[in-house]
Amino acid sequence: MSQFKYDIELKDNPDDVVKVRLKIKNASLSNDIFQFVSSAPGTYQIIDMGRFIKNLKAYDGKGKIIATEKIATNQWKISKPKKVAEIYYEVADTWDADVKEQYFYSFAGMTLEKDHALINSYCIIGYFSDYEKADYKLSFHYPKEWSVGTSAKINENGYYEFNSFAQLADSPFLFGRLSKASFIYDEIPYTIYVYSQNDEIAAGNIKGLFENAVRANTKFIKKRLPVDHYTFLVDAEKFNIRGTLEYSNSSVYVMPEKDLSDTEFHDNIMTDAAHELFHLVTPINVRSEYISNFNFASPKASEHLWLYEGTAEWASDIMMLRNGTFNLPRYLEQLSEKLTISEKFDSKYSISQLALNCYTETGRGQYENIYHRTVIALDMIDIMILDMSDGKRGLREVILELNNMYGKDKPFEEKNFFSVFTKMTYPEVGVFLDKYIKNTEVMPIEKIFEKVGVKYTKERKTGDQVLSVGYELFIPDGKIKIRYVTPELKKMGLEDYDEFVSFNDIETRLDNQAEWLGKFAILKPNESYVLKVKRDEKIITVPCKVITVDQVEKHIFEMLENPNERQKKLQECWTKNL
């Protein structure tokens with residue numbers, strides 16, 4: 001069988017580049033295109049790894065160079081493919097690369113530093129598209145004091161073996177000065193590897209958070225998780241970046257290195273793990289053919305991102321409520337936060353649009369709303385199903401039924417899934433999907449949440465004065481813009497729909513928002529700062545000042561003082577596992 005053996009050099013690389021040498025065996029190559037990925041499962045964005053490839057060279061069996069030509073962002077044409085025996089190339093660190101457009105999430109990329117490396121395999125492996133189902137072998141060469149964390153299995157010769165490119169791409173690696181912890185739950189071994197820049201986070205210190213996430217998921221799906229082993233890979237550094245990525249037997253966590261006494265940070269680790277573990281249900285198990293037969297070179301967007309990412313985010317929170325980790329007031333506070341964040345995005349951009357356009361720049365600007373507006377919609381669907389089934393069945397039960405119907409080797413049909421979901425529930429749920437997932441009608445939050453004894457108020461004044469920048473940020477077209485500018489800020493020179501360019505000379509982008517939003521958060525009364533905005537294709541400098549305004553509370557969820565018996569019953573069903 002055709003075999004592709006990669007030797008990957010991680011040591012003695014002063015320029016932070018990974019050096020890769022591919023040796024090809026038993027492959028009579030007719031395809032002359034050597035390919036790098038455009039995207040990868042679970043990222044829902046274009047990453048175009050070809051941008052990070054340097055010094056690619058091809059050789060024949062005698063070591064003679066074969067001419068190559070870069071013909072597209074991710075493709076190299078090889079002049080004599082049948083003679084190719086070896087290919088060499090270098091991959092630049094995606095975290096450090098000076099990329100001006102198509103930024104992609106750090107946790108989906110790769111980084112190589114003096115004391116560690118985080119590598120999502122699809123970032124460093126080039127391939128021939130007609131050999132995606134060949135045998136792939138990877139051998140990493142790294143400093144002897146490093147250890148390695150991965151769910152992949154290594155053979156006696158030091159190679160990680162895979163029977164397809166998709167399987168290879170499903171296996172991330174963490175190298176370096178790592179701490180390690182493990183536990184067994186339901187006879188399944190779980191291993192945690194942590195790189196902590198200043199050794200502030202040890203695997204043993206966060207083991208309990210991952211255990212709780214496993215326990216919560218197991219109770220939520222009412223059976224063992226569908227894995228025989230599982231690995232958590234954690235990269236914690238001194239930055240304000242946080243994100244995660246799921247795989248079939250592992251998950252990657254990039255997070256700031258913080259004190260674990262920080263309750264929010266502590267809980268974020270646990271709920272992030274719960275989210276990634278639920279992906280074992282969807283999309284790893286319940287998914288459309290577009291995800292099941294993923295095209296790494298030219299991905300096709302699935303409209304059902306509401307199911308993949310939306311239900312994982314919904315489940316990661318509600319399972320913590322239902323197992324007693326969070327109480328109901330805490331859960332309702334999270335819903336309020338999600339609605340507040342959702343307002344930053346374009347309310348006329350539907351969840352279906354968001355999914356179908358996730359690989360475009362505009363869709364990417366709306367993408368984060370999948371974790372906010374979608375969750376509110378799914379909570380409402382859950383309540384609707386519980387109400388119409390008289391508390392016997394909710395969204396969780398429907399998802400578990402889907403899990404039994406489909407599987408890794410049995411994807412659902414992309415175009416028919418809304419109909420399938422409606423038939424499994426009620427016609428009213430189909431109407432809801434049409435109005436609030438496919439389209440952008442205003443969701444009946446007050447009416448639905450009242451069914452479970454919760455009162456929703458969109459906004460109310462408190463009578464107090466608070467600090468304000470005097471405008472609101474939103475993302476209507478993938479760009480950060482300003483709206484609701486107060487008269488005071490208009491006098492200073494701001495206008496509605498100005499595009500954010502910089503704050504006190506910090507470039508304001510979607511991928512570095514933690515940096516500049518953090519600076520906003522510490523502004524003091526009457527403190528001056530400088531914005532640069534784009535208006536009519538011109539860059540305008542606007543000196544601004546912090547002002548005071550009437551305090552308005554938004555998206556308030558409160559328990560009804562005197563719920564009726566029906567509301568009490570449904571609330572019990574909603575907040576407890578059936």
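This is a predicted model: local features need pLDDT of at least 70, side-chain atom pairs count only at pLDDT 80 or more; totals for chains, interfaces and linings use all residues.
Residues are numbered from 1 along each chain as its sequence is written; side-chain values use heavy atoms, with hydrogens and water left out. Local features need pLDDT of at least 70 and side-chain atom pairs count only at pLDDT 80 or more, whereas totals for chains, interfaces and linings use all residues.

A nonpolar core is a set of buried Ala, Val, Leu, Ile, Met, Phe, Trp, Tyr and Cys residues joined through side-chain atoms within 4.5 Å. Buried means under 20% relative accessible area, exposed over 50%, and partly exposed in between (1.4 Å probe, protein chains only). The largest core holds 171 residues, of which Tyr6, Ile87, Phe232 and Trp574 touch the most other members. Helix H5 (residues 305–322) supplies the largest share of this core, 11 residues; helices are DSSP runs of H or I, at least four residues, numbered from the N terminus. A second, separate core of 21 residues includes Leu489, Ile506, Leu523 and Val542.

Salt bridges, defined by a side-chain nitrogen of Lys or Arg within 4 Å of a carboxyl oxygen of Asp or Glu, number 28. One of them joins Lys338 and Glu313 (3.0 Å, N to O). Lys338 lies in helix H6 (residues 328–342) and Glu313 in helix H5, 25 residues apart. Both Lys338 and Glu313 are buried.

A network of salt bridges links Asp387, Asp390, Lys392, Lys451, Arg566 and Lys569. Within it, Asp387 meets Lys451 (3.1 Å, N to O). Asp387 is buried at 17% relative accessibility, and Lys451 is partly exposed at 26%. Lys392 also meets Asp390 (3.8 Å, N to O); Lys392 is exposed at 62%, while Asp390 is partly exposed at 30%.

Definitions and conventions:
Helices (H or I, at least four residues) and strands (E, at least two) are DSSP runs, numbered from the N terminus.
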